[in-house]
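Hi,

Here is the structure I promised to pass on. Have a look at it first, and my notes on what turned up follow below.

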Amino acid sequence: MARITAGIATSHVPAIGAAIDLGKTKDLYWAPVFQGYEFVKEWIKTHTPDVVILVYNDHASALMLDIVPTFAIGFADEFQSADEGWGRRPVPVVKNHIDLAAHISEQLVIDEFDITLINEMDVDHGLTVPLSLVFGQPEEWPCKVIPVCVNVSQFPTPSGERCWKLGEAIRDAVKSYPEDLDVQVWGTGGMSHQLHGSRAGLINEEFDRRFIDLLAHEPEELKYITRLEYLRETGTEGIELIMWLIMRAALGYGVEEKKRFYRVPASNTAVGHVVYEAKS
Amino acid sequence: MPRQRLYPLEDLEDIPGTKVFTARRSREAYHLHKFCMSLMKEANREEFKADERAYLDKFQMTEAQKQGVLDRDLNKLIELGGNMYFLVKLASTDGLSAQKAVSATSGMSAEEYAQMMLEGGRSPEGIRSIRANK
C-alpha cells in the first residue's frame, strides 16, 4: 500500500528561484536564506520519495484568468516550467504519476471534494522553487510530482478548515492506493507578505512563529483562522499558509519535526520552512 | 435559520491600503489581465515593446486601463481591478524585480522599501483596520 511518510512546507518566493538560477545563493543577501535549506537537501538524499504531492498556487500563469478552480489536480503526463515574463526557469520537466493522480482524484470526489482536473498546464515558481530548494539543480527531478493547485488569490479562497479536510482526504486516498509507494506531501507559500499598496512589505513575525510553533503538535486551532484574520495579520498573500494546513493534515496525528526555519526577508516575503516525518 | 457568518464580507474592505481581489474585480480587469498574461511569450513582449499603444489596442481593455499600463501606474491598475500576480508580468517585461514593482505601489522609494524589508518588514501594528484607526 502507498503511504505518506513525510511532509515539507516552504515559501516559494520567485526571487529565490532566480537566485538559484543565477548562481547567487552565496551572496550576502541570499546566503542566510539558503542556509536554512541545508538540512533538507541532505535529508532528502536518504528520504527521496516515489511521489511528491505538491500543493501550491498558480500565480496567473496557467490559472486565475479564464478558469479559477478552488482545488485542482494536474493531470498531464508532464509539466513545463512557465514563462512568467522573463523566460522559463531552466529546470527539468516535472513528471506526473498519472495512476496515483487518477486514484486520488476519484477518491476525492467520492469524499465530496469536487476536484478539477487539468490536462494541460505549465507550472510556475510556486511549484518549481520548492523543488529547487529541496533537490537543488539535478538533470532530472528524482521523483514524480502530482501538482495540487489551490486558489489563494481570488476571494473567497477555501477556508483553512476546508484545506485541512482536503489534506485528510488526500491522506485517505493515498492510503487506499494498492501499490507500495513512498509519498510525501509538500505545502508551499507564505509566510506573511503583502504585495501591493500602503501595507506592501507587511511582515508579522509573531504570527508566523506562532503558526510554526503550533503546526507540528497543536495544529487544531490553526484550522479556524479566518480569511479576514489572515488578511489583517499576514497580508493579502500570507493566506497562502492555508496550503501548509493541507500538508499537515495529510500527515495524520503524530509527526516528528526534523527542521524548522524562519528568515526575513526574501524579496517581499517572510521565508518559513519545516520538515516533518510522519509517525503513523 | 439565517446563515451565520464569522464576519461581514464588507470587512474585507476594512484593511488600510488594501484591495482584496474578488470575482468582481477579476471580471473588471479581465482584458487587462489577458494583456498581462500575453506577456508570457517572448514574441509578444517584443511586439509590445516595439509599439506599446498598438499592442494594447489589440485588447478590449478600457482606455483608463491602457493609460495605466502606458504610465506604468500600478496603483491605478489595481484600482481598476488589477491583481499583482498579473501586473508583475508587466514589470518583468520591463526588467524590474517583483520587489521593485511592489515597492512602486507602496508610496516609498525602491531603496527605502528594500531597507525596510532588510530591517524586518512593515509591522502590522496600527494598519489592521480602517475602522479601528478612526
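Let's start with a helix on the sheet of chain A: helix H4 (residues 98-110) lies across strand S2 (51-56), strand S3 (71-74), S6 and strand S7 (144-150), and runs at about 160° to S3(A). Helix H5 (residues 125-135) of chain A packs on the sheet too, touching S1, S2, S7 and strand S8 (182-188), with its direction at about 130° to that of S2(A).

Some housekeeping. This is a predicted model, where local features need pLDDT of at least 70 and side-chain atom pairs count only at pLDDT 80 or more, while totals for chains, interfaces and linings use all residues. Residues are numbered from 1 along each chain as its sequence is written, and chains are lettered from A and ligands numbered from 1 in the order in which they are written.

As for terms, helices (H or I, at least four residues) and strands (E, at least two) are DSSP runs numbered from the N terminus. Contact means C-beta atoms, placed from the backbone, within 7 Å. Axes are lines fitted to C-alpha atoms, for helices over the stretch in contact, and angles run from 0 to 180 degrees between N-to-C directions.

Now the sheet itself. It is open, with eight strands in the order S6-S3-S7-S2-S8-S1-S10-S9 (chain A) and mixed pairing (strands pair if DSSP finds at least two bridges between them). S6 (116-118) and S9 (255-266) of chain A each have a single partner strand, so one side of each has no neighbour in the sheet. The twist averages 20° from one strand to the next. S1 (residues 3-10) and S10 (residues 269-278) of chain A pair in the antiparallel sense over five bridges, and A:Ala6 stands opposite A:Glu277 in S10(A).

On to the interface: 48 residues of chain B are in contact with 37 residues of chain A. On the chain B side, H7(B) gives the most, with seven residues. That side divides into 24 nonpolar, 17 polar and seven charged residues (nonpolar is Ala, Val, Leu, Ile, Met, Phe, Trp, Tyr, Cys and Pro; charged is Asp, Glu, Lys and Arg; the others, Gly among them, are polar).

Within chain B, the axes of H2(B) and H7(B) come within 8 Å and cross at roughly 45°. The contact is made by B:His33, B:Cys36 and B:Met37 of H2(B) with B:Phe86, B:Leu87, B:Lys89 and B:Leu90 of H7(B). By class, that contact has five nonpolar, one polar and one charged residues.

Cheers

Key: Contact = placed C-beta atoms within 7 Å.
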